[in-house]
Amino acid sequence: AVKQFQSLHSDFNSNALASDGLVGPLTADSINRAMLGKWYDDYTVPPILVQHYEEVRKGKKFLLPDNP
């Protein structure tokens, strides 16, 4: 199911998600955006994800703070 979702959706910069079956930060964000209007009335991409976008796309792993 995750790979199928990834193959049909993109990240917040309209780049294809990696169809690896892992729910990383970009896939999780894409799922949240897909739920807009269904589960959420409002959703904003977390600023820390925007700030570290290129690192995340390259697969760099880092811990996000609990309270950005």
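Begin by selecting Tyr-40, which is partly exposed at a relative accessible area of 29%, where partly exposed lies between buried, under 20%, and exposed, over 50%, with a 1.4 Å probe and protein chains only. The model is predicted, so local features need pLDDT of at least 70 and side-chain atom pairs count only at pLDDT 80 or more, while totals for chains, interfaces and linings use all residues. Residues are numbered from 1 along each chain as its sequence is written, and side-chain values use heavy atoms, with hydrogens and water left out.

Next, select Val-45, which, leaving aside residues up to four places away in sequence, touches Phe-12, Asp-29, Arg-33 and Val-50, contact meaning heavy atoms within 4.5 Å. Val-45 also belongs to the largest nonpolar core, whose 7 residues include Phe-5, Leu-17, Leu-26 and Tyr-53; such a core is a set of buried Ala, Val, Leu, Ile, Met, Phe, Trp, Tyr and Cys residues joined through side-chain atoms within 4.5 Å.

Finally, show the whole chain, in which 22% of the 68 residues count as buried, and in which 27% of the contacts between residues at least 6 apart in sequence join residues at least 24 apart.
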